[in-house]
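Subject: A structure for you to look at

Hi,

Here's the structure I promised to pass on. Have it open while you read, and I'll walk you through what turned up.

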Amino acid sequence: MLNTLRDITQAVAQADSLDRALTQIVRLTKSAMKTQCCSVYILEQSGEQAQLVLSATDGFDPDAVGQVSMPLSEGLVGLVAEREEVINLADARSHKRFKGFALVAEEDYRAFLAAPIIYQKRVLGVIVVQQETARLFSENEEAFLMTLAAQLAMAVKGLKQKEKVKDHQQQILFQGTSASNGIAIAHALVLGGEIPLEQPQIQCVNTVSEVIRLRNALLRAKDDISALSQRFDREQDEEVSSIFSALMLLLDDKSLGGEYIREVQEGWSAETAVSRVSLRYIEQFSHMEDPYLKERASDIKDLGQRVLRQLIEPERIVFEPDKPVVLVTREADTSLLAEFPRKKLAGIVTELGGVNSHAAILARALGVPAIVGVEQILTTDIDKQLVVVNASRGQLLVSPSPSVIGEFRGFLSAQKALQRKFAEELHLKAQTQDGHRVKLCMNAGLLSGLGSEIAEGADGIGLYRTEIPFMLQQRFPSESEQVKGYRQVLDAAGSKPVVMRTLDVGGDKPLPYFPIKEENPFLGWRGIRLSLDHPELFLVQLRAMLQAGADSEQLKIMLPMVSCLDEIDQALSYLQQAFDELTEESETKVRWPQVGIMLEVPALLYQLHEVAKRVDFVSVGSNDLTQYLLAVDRNNPRVSSLFDSYHPGVLRALKRTCEDCNSANLNISVCGELAGEPIGVMLLVAMGYNNLSMNQGSLARVNYLLRRVPMTDLKQILDLVLNLQNGEEVRQLVIEYLKQRDLVSILN
């Protein structure tokens, strides 16, 4: 069953049009289920009413395709879509909803089994199998069709979008979730999208270097397949695991891999070689009579595209000068964004990832408009097409008209004017209208432009993410390299304080040379847990920080992902060891820094008095704290609507935390994304948070806002929102206040 399902869904996913995909579906399903007829109806909007249109059939008259349609209120097919459930009838003609169509002679068939094709709660269509003999389809047949429909939903959704982009000259709108506000107008660069198997016929000059390039691509492709195989091994799914093992063998020198290499040795480029060999074998397998061997052509295509991806995409980040692009990818990891040429990155669009993933956080730090959760965007063939990213509304427009482009250019100009207005007061100290002082620090991870950014109004660096320099290397940086990097950061800050967070990898921040594969990475081996398990790495980092901070009192060290007091004690013992070693080794006197922890794990909120006996300060990481309080994976678009930092429960926890820290004389700040959001800033300041750290792009806006709202108003607002039912009510109440004070533009 698994092999059959895989063959059908793979054939559909590789089809280059919706019509061809549907033709494959009905042919293969009819054969697999040994029925006399299989048809697919696709839900189309016709005026104000949705219609189910016969879009493919193997059993009815082919001329009926596109001619037969019905609303959801008519016929058995309409009933399946209306109820959103499987219907299995021994004699369809006896059902009161039966409706025959002369074009298809449906009354010839009695047995009827149909399943809705549903993608994320939306009905896309219905798949139906029928037989002349009256009988109920078995439970196994029913389960098969239901499973097939569920697997086909994503492919059908993607192909429908692809058809829209291909067939319409007017702009096409895709919806996602805003991860970093702003507007971008540029051509799309798709990484991770479909790679066409037909490649240009190009000959190579240096066959030796081309063979090396091909072998490296084959190794990377094998690694990808091996990772998939290991996942199914862990799930004890031997049948699926064996499929990947067979694919691995095909890439060996004695099989397809060797054929690719021999083609290069005959003078072809690596891409051309893979294309030629793949197309040759696909042609051979497609003409075989044995159905099993015939379907193996899809394996050849799959492998060819995997190897081509490894050959083509690693080289695609080298662009022509002065051509910024909108990066469209399945999921933008942090290292990709950090390495991407900043001047070439106009915007980011991803299929996966949450608005508080670290990639999204880095996009905000870079000031790059970003949208996440744009369903099936990689299948829509938008590479090199002109697009508009309207991240403020979570919208992606493909092939916009000249008038629309003109409108968005106007919006961009207005945004820039607003930023200039905010920046005019950045040199003034941040304080509320009635004189309540709030320190605004900045989050950082990249060295470029750091000095000027701090000079433009920040009270220091409230969070320096040391993991980003680690991500940009192919190995762990040495002690001397780290000392040099940390000194640059401290020097850039002048005399202002710098909070350096120790290595925080794991979760959605893997190191390329230290991969961590876990079932649930956000609850796994990350942050201080990893550092304490690798003291040889932790000690090197602590020594480097102490040496870099020896000449000033700027340095503060912060420990991430702390979940218990023992972890603090262990980390402090390693810091003491590093301090003692350097004191003995060096003539330069090192200083003992202030030490703090990130408040991310909810358990520590109830041990703050004990924490205060061990460290000098705490900083709330609102992103992870919200994630753990709400039990919502902040990278998962399926539950992204549940991730809400304005949830009244989260706000009450933040208020209680600030009060407990004040009673314990423990300095507290916020360095999560909430600290840079206007609504979040107003609520945090009202709670008593007087030290906020945010991305550089938020500093001017937050300063401007605070200088126009009195503390008395903020406290009244806080009292009201803490008694509301949900985060949306909280937002609306604060927005209404900003409208009354003519400050709502601060949210754009």
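This is a predicted model: local features need pLDDT of at least 70, side-chain atom pairs count only at pLDDT 80 or more; totals for chains, interfaces and linings use all residues.

Numbering runs from 1 along each chain as its sequence is written, and side-chain values use heavy atoms, without hydrogens or water.

Back to β18. Strand β17 (residues 498-501) is joined to β18 by four bridges, and the two run parallel. (Strands are DSSP E runs of at least two residues, helices H or I runs of at least four, numbered from the N terminus; two strands pair if DSSP finds at least two bridges between them.) Four bridges also join β18 to strand β19 (residues 594-599), again running parallel. There, Ile557 faces Val595 of β19.

Is β18 enclosed or open? Four of the five residues in β18 (residues 555-559) are buried, so the rest of the structure largely encloses this strand. (Buried is under 20% relative accessible area, exposed over 50%, partly exposed in between, with a 1.4 Å probe and protein chains only.)

Follow the chain from β18 through helix α19 (residues 565-585) to β19 and you get a right-handed β-α-β unit. (Right-handed: with the strands pointing away from you, the path over the helix runs clockwise.)

(Rings of Phe, Tyr and Trp, using the six-membered ring of Trp, pair with centres within 6.5 Å; planes under 30 degrees apart are stacked, over 60 edge-to-face, the rest tilted.) In one of them, the Phe538 and Tyr574 rings have centres 6.0 Å apart and planes at 80°, so they sit edge-to-face. Phe538 belongs to helix α18 (residues 535-548) and Tyr574 to α19, 36 residues apart in the chain. Both Phe538 and Tyr574 are buried.

Phe579 and Trp592 are edge-to-face too, because their planes stand at 75°, with ring centres 5.5 Å apart. Here Phe579 is in α19, and Trp592 in the loop between α19 and β19. Phe579 counts as buried because its relative accessibility is 17%, whereas Trp592, at 40%, counts as partly exposed.

Elsewhere, eight strands build an open sheet of mixed pairing, ordered β7-β14-β13-β9-β10-β11-β12-β8. Its edge strands, β7 (172-175) and β8 (177-180), each pair on one side only. Within this sheet, β10 (residues 325-329) runs parallel to β11 (residues 345-350), with five bridges between them; Leu327 is partnered by Ile348 of β11.
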